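Subject: Structure handover

Hello,

Please open the structure below and keep it on screen while you read. My notes on what was found follow it.

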Amino acid sequence: MDFEEQVQTRTQVFDGSLVQVERQVVTLPNQTTATREIVHHQPAVAILIVTAAQQMVLVKQWRAATNGITFEIPAGKVEPGETPMAAAVRELNEETRLVANQLTPIAEFYTSPGFTDEYMTLYVATGLQPVTTALPQDADEQLQLVYRDLPVVMGQVTSGELVDAKTVMAVWYWQSHQALGVDLHG
C-alpha cells in the first residue's frame with residue numbers, strides 16, 4: 001500500500017521567533033486532496049538527570065500552552081550551528097547549573113508527528129558536578145529545580161501529575177535502568 005502524499009502547494013501562514021506554521025495542500029495516494037498544517041520547530045534536546053542520591057532532577061515551570069505548572073526534565077532547542085550534544089551541555093548548565101562527566105544519547109524521536117517536525121534527542125547525564133562558569137538563563141524562564149526518587153515519579157506518572165511526554169519517557173527509561181547515577185566504584 002502506498003502512503004506517500006504529494007505536496008501540491010505550501011503557504012507559510014505564521015513566522016514566529018520559536019515556530020513557523022505552514023499550510024500544505026496534498027494529494028493522497030487515492031488521488032483526493034487534503035490540507036495539512038505543520039508547525040516547524042528547531043531540533044531539541046532533553047536530559048534525564050539521576051543524581052548519586054538516586055533522585056531525578058525536574059524543572060518546575062509555568063507553561064502557557066497548558067495554562068499551568070509542569071514538572072519536566074531539563075530541555076531546550078538546538079541553536080543554529082549547534083550540535084545536539086553541545087545543546088544538551090548548554091541546557092544542563094543554563095537550567096540546572098550542573099555539568100556531567102558523561103552525557104549519553106539514549107533516544108531520538110519526533111515529539112508529536114501529527115502536526116510538528118520537532119525532533120528531539122534524549123540524553124542521560126551522570127557524574128554530575130556544579131559548573132565552574134554559569135551561563136545566563138533565558139530571561140523569560142522562571143525555573144525551580146525539584147528532586148524526586150523513582151517510586152515518587154512513577155506514582156506521579158500513574159496519577160497524571162507528570163504529563164510531559166519526554167519526562168514520562170525518561171521516567172520509564174530510569175525504571176528499566178535503575179543503576180543510573182549509582183557510583184559502582186565507591
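Start with the lining of the largest pocket: its residues divide into 15 nonpolar, ten polar and 14 charged. Here Ala, Val, Leu, Ile, Met, Phe, Trp, Tyr, Cys and Pro count as nonpolar, Asp, Glu, Lys and Arg as charged, and the others, Gly among them, as polar.

Some ground rules. This is a predicted model, in which local features need pLDDT of at least 70 and side-chain atom pairs count only at pLDDT 80 or more, while totals for chains, interfaces and linings use all residues. Residues are numbered from 1 along each chain as its sequence is written, and side-chain values use heavy atoms, with hydrogens and water left out.

**The pocket**

The largest pocket has a volume of about 1,300 Å³. Of its 39 lining residues, Leu18, His41, Arg63, Glu72 and Glu118 are the closest to its centre. A pocket is an open set of points on a 1 Å grid over the protein atoms alone, where a 1.4 Å probe fits, with protein on both sides within 12 Å along at least five of seven lines; lining residues have an atom within 4 Å of a point. The volume is the space filled by probe spheres set on the points, and grid points are joined across faces, edges and corners.

Which elements build the lining? At least two residues each come from β3 (33–41), β4, β5, β6 (68–72), β7, α1 and α3 (165–176). Helix α1 gives the most, with four residues.

**The whole chain**

The chain has three helices and ten strands. These are DSSP runs numbered from the N terminus: helices are H or I with at least four residues, strands are E with at least two. Along the sequence the pattern is β-β-β-β-β-β-β-α-β-β-β-α-α. The C-alpha trace spans about 65 × 35 × 30 Å along its principal axes. Of the 186 residues, 40% are buried. Buried means under 20% relative accessible area, exposed over 50%, and partly exposed in between (1.4 Å probe, protein chains only).

**Helix α1**

Helix α1 covers residues 84–96. Its 13 residues reach 17 Å from first C-alpha to last, close to the 18 Å expected at 1.5 Å a residue. That expected span is 1.5 Å times one less than the number of residues. Among its buried residues are Ala87, Ala88, Arg90 and Leu92. The buried residues of α1 pack against strands including β4 (44–49), β5 (56–63) and β8 (98–110). Just after α1, Arg97 takes a positive phi of about 65°.

**Two strand pairs**

Strands β5 and β6 pair in the antiparallel sense over five bridges. Two strands pair if DSSP finds at least two bridges between them. Arg63 has Gly68 in β6 as its bridge partner. Four residues lie between the strands of this hairpin, where Asn67 takes a positive phi near 55°. Four of the five residues of β6 are buried.

Strands β1 (residues 6–15) and β2 (residues 19–27) run antiparallel and are joined by eight bridges. Three residues make up the hairpin link from β1 to β2. Gln6 has Thr27 in β2 as its bridge partner.

Leaving aside neighbours within four places in sequence, Val168 is in contact (heavy atoms within 4.5 Å) with Val157, Leu162 and Val163.

Best wishes
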